[in-house]
Amino acid sequence: MSWAYWLLGNPAVAQNHSNDAVRIAEELDHSFSLTLALSFSQWIHQFNRDIARTRATAEKALSLAKEHGFAFWYGWCRVMRGWAMSQQGEHAQGIAEIEEGLVEWRAQGSELGSHYYYALLAEASLAAGQLDRAATALDQAEQFASATGEGFYLPEIPRLRGKLLLTLKPSAVAEAEVLFNRSLELARSQDAKSLELRAARSLARLLHSIGRTPEAKAVLTPIVNSFGGSVETYDLRDACRLLDTLNQTP
């Protein structure tokens with residue numbers, strides 16, 4: 001429920017459900033249940049771009065899993081820890097941790113979430129300036145989603161491709177606009193408001209940068225307003241800051 005509520009655009013309710021799951025597991029005093037709840041909570045922290053909590057929760061769950069031999073969770077936790085490491089500037093170590101975590105995860109016979117994990121690898125690689133690696137990871141994400149039908153994070157793939165394209169070729173504005181619009185369309189088709197917010201923010205920032213500020217406002221204002229003025233996540237805070245800039249532009 002926490003994952004679903006976050007995607008649907010209610011991060012506060014999502015966080016409450018995640019917190020409840022961890023609390024119940026702690027009250028049970030049952031190591032596997034706690035490892036499970038902590039592992040699921042990592043996704044919510046990562047969705048919210050709460051880097052410190054993602055890493056702390058991943059390390060706690062991984063420690064519990066290793067203490068009790070719950071090998072199922074090793075790869076999952078390592079991927080999440082690797083993403084957090086990459087966002088804290090530990091680029092090489094973070095990328096290696098994600099890649100090794102993916103291998104370990106799939107070695108258990110597990111595939112759940114792999115297109116999401118590949119997108120996190122692409123994001124980490126992009127942050128490190130490893131653009132070829134980022135492109136490969138996005139290809140892997142798309143291929144996995146196509147082969148399995150798993151697509152809850154699918155709108156992020158064209159959005160990240162747009163960011164990658166602009167990094168490679170800043171003049172490729174028209175191509176990036178197409179990719180950001182594709183991300184927006186996918187998010188809307190899934191009713192994934194939180195991912196729609198990301199796509200709208202990327203598109204609005206691009207439009208503003210080329211002097212199309214009224215269009216940027218038209219893209220970003222409705223989705224920001226739909227969150228009711230809430231600014232409890234990184235994405236919402238950043239979108240609100242951008243919208244303030246747009247509104248101050250003549």
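1. Helices are here taken as DSSP runs of H or I with at least four residues, numbered from the N terminus. On that basis L206 belongs to helix α11, which covers residues 193-209. The model under discussion is a predicted one.

2. The chain contains 13 helices and zero strands. Read from the N terminus, its elements run α-α-α-α-α-α-α-α-α-α-α-α-α.

3. As to overall dimensions, the C-alpha trace spans about 60 × 40 × 35 Å along its principal axes. A compact globule of 250 residues would have a radius of gyration near 18 Å, and the chain agrees with this because its own value is 18 Å. Of the 250 residues, 51% are buried. Among contacts with a separation of 6 or more, 61% join residues 24 or more positions apart.

4. Is L206 buried or exposed? Its relative accessibility is 6%, and buried means under 20%; L206 therefore counts as buried. Leaving aside residues up to four places away in sequence, L206 touches L166, V173, A176, E177 and F180. A further pair to inspect is L206 and A216: they are ten residues apart in sequence, and their C-alpha atoms are 8.0 Å apart in space.

5. Two packed helices are described by the angle between their axes and the distance between the axes. Helix α6 (residues 91-107) packs against helix α7 (residues 114-127) at an angle of about 165°, and the axes are 9 Å apart. Angles over 145 degrees count as roughly antiparallel, so α6 is roughly antiparallel to α7. The crossing of α6 past α7 is left-handed.

6. Which residues make the contact between α6 and α7? From α6 the contributors are H91, I95, I98, E99, L102, W105 and R106. From α7 they are S114, Y117, Y118, L120, L121, A124, S125 and A127. By class, the residues of this contact comprise ten nonpolar, three polar and two charged.

7. Most residues other than glycine have a negative phi. D29 is not a glycine, yet it has a positive phi of about 55°. D29 sits in the loop between α2 (11-28) and α3 (31-47), and with 70% relative accessibility D29 counts as exposed. R49, likewise not a glycine, has a positive phi of about 55°; R49 lies in the loop between α3 and α4 (51-68).

Conventions. Residues numbered from 1 in each chain as written. Predicted model: local features only at pLDDT ≥ 70, side-chain atom pairs only at ≥ 80, totals over all residues. Heavy atoms only, no water. Helix = DSSP H or I, 4+ residues; strand = E, 2+ residues; numbered from the N terminus. Buried < 20%, exposed > 50% of the residue type's maximum accessible area, 1.4 Å probe, protein only. Contact = heavy atoms within 4.5 Å. Axes fitted to C-alpha atoms, helices over the stretch in contact; angles between N-to-C directions. Parallel < 35°, antiparallel > 145°, perpendicular 65-115°, else oblique. Left-handed = near helix turned anticlockwise from the far one by under 90°. Nonpolar A, V, L, I, M, F, W, Y, C, P; charged D, E, K, R; others polar. Rg over C-alpha atoms; globule rule 2.2 N^0.38 Å.
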